[in-house]
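Here is a short report on a ligand and the protein around it. Look at the structure first, then read on.

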Amino acid sequence: MKIAMVGSGYVGLVSGACFADFGHDVVCIDKDPAKIESLQAGIMPIYEPGLAELVGSNVKAGRLTFTTDLASGIDGAAAIFIAVGTPSRRGDGHADLSFVHAVAREVGENLRQPAVIVTKSTVPVGTGDEVERILRDANPGVKFAVASNPEFLREGAAIADFKRPDRIVIGTEDEWARQVMSEVYRPLFLNKAPLLFTSRRSSELIKYAANAFLAVKITFINEMADLCEKVGADVQDISRGIGMDGRIGSKFLHAGPGYGGSCFPKDTLALLKTAEDYEAPTRIIEAVVKVNDARKRAMGRKVIEALGGTDAARGKKAALLGLTFKPNTDDMRDAPSIAVAQTLTDAGVSVAAYDPEGMDLAKPLMPEVAMQPNAYAAIEGADVVVIVTEWDAFRALDLDRIKAIARTPVLVDLRNVYDPAEARAKGFAYSSVGRV
Ligand code: UGA
């Protein structure tokens, strides 16, 4: 089957490469000639483990090609995916659908064969109806159907998530579209990945509900962590103790500095806007958004406390280890490190930092921070070492070496990577999240 993927960003590229790996004939389309040129040369525009190899092998096998030309790219395709960005609209938090609508128009103008148009971009409820209208206006003569097929890919684990999904959600009321989509996902279906067919609107909402629920879970355990610190309990035991209840589940109960990234912050805001528009307020999500925003700055204050409070902190040096919103990505969007660095520099603390992949993107977001070539260079002469992102490389740091090169042995572990007793036995003043 020929599949066209319009938009070769994170979701489009991972999905396109995985579909090609299943044996489909895939064309990835993008307006940006520089991106297409580098993809053709085997250079990935993003950091995602395993992606370069997957793209390379499928290009070599002739199943995956790249083009800037939408008309030729969609020619003969049975399924045309829209996988372009839906960023938060400046000012109001609504999802900006201008890219989705523009692609729908261009696909409509150039479609010559019957095809199912599939929105993979995260789009608010009702977007499929609008895409259908745009296509119909642009091309009244051709047979098409519009389906919704949200993605549930985690950055850093996207290929595994695509190939071994918990479920595949397909929203359509059209029987022919159902058949085409079953064929698209047949290789996964044979692997027993559950295919959930719903209405288009339900499918659009499932995506937001899933991300919002995960944001609630994280925020819940983060508040429990704050309470643990006050009452002398251990949040990791709380996570285990509640997570063993099958109704709750153990995943997404790691307390930390607050969620960030390209999805949870944007999608929770967009869901709030939808709820407002339809006069069905989602107060839990409203609270989650506020609590999570405040938490990121509070983590900066936690570091200031570890330095002895506001007066003592002025003129001291902090070393931040990890800047990206989570490990195995170079993505800096809404990363807690941004608020932590800002709170520290505002308080007159000088900040050095190291991140294995994120420093190029981090630099413009935190111009006052001195980026260093490795963790130990950042730690040299520091009064506090802060683990902000749990990269594997920070899980087994040489604590003796840190003690020797830091000015004072103070460790603030915002990801609960170290054992408090061990860190203290090594002579560190150690604090973490939700553990005393
Ligand atoms: C998220 C969802 O997990 C994916 O299912 C979804 O497809 C994707 O958004 C999307 O909408 O495209 P992602 O943003 O890549 O994926 O990252 P997650 O692994 O979900 O982590 C998000 C944030 O939550 C990170 O800042 C992470 O540090 C934080 N987190 C996660 C916690 O603080 N605690 C946890 O227990 C889990």
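An oxygen atom of the ligand lies 3.0 Å from a polar backbone atom of Gly260. The model is predicted: local features need pLDDT of at least 70, side-chain atom pairs count only at pLDDT 80 or more, and totals for chains, interfaces and linings use all residues. Residues are numbered from 1 along each chain as its sequence is written, and side-chain values use heavy atoms, without hydrogens and water.

The table lists polar contacts of this kind (pairs of N or O atoms within 3.5 Å).

| Residue (polar backbone atom) | Distance to a ligand oxygen atom |
|---|---|
| His254 | 2.9 Å |
| Gly260 | 3.0 Å |
| Phe325 | 3.2 Å |

Taken alone, the ligand exposes 710 Å², and the protein buries 92% of that. Such accessible areas come from the Shrake-Rupley method with a 1.4 Å probe.

The shell around the ligand divides into 9 nonpolar, 3 polar and 7 charged residues. Here Gly counts as polar, and Tyr and Cys count as nonpolar. α10 gives the largest share of the shell, 3 residues. Helices are DSSP runs (H or I) of at least four residues, numbered from the N terminus.

The assignment gives domain 1 (2-198) and domain 2 (199-436). Its bounds come from an automatic or database source. Both domains give residues to the shell, so the ligand lies between them. Their centres, taken over C-alpha atoms, are 32 Å apart. In contact (heavy atoms within 4.5 Å) are 36 residues of domain 1 and 28 residues of domain 2.

Technical notes: Polar contact = N/O pair within 3.5 Å; in protein donor to acceptor, adjacent residues only side chain to side chain. Helix = DSSP H or I, 4+ residues; strand = E, 2+ residues; numbered from the N terminus.
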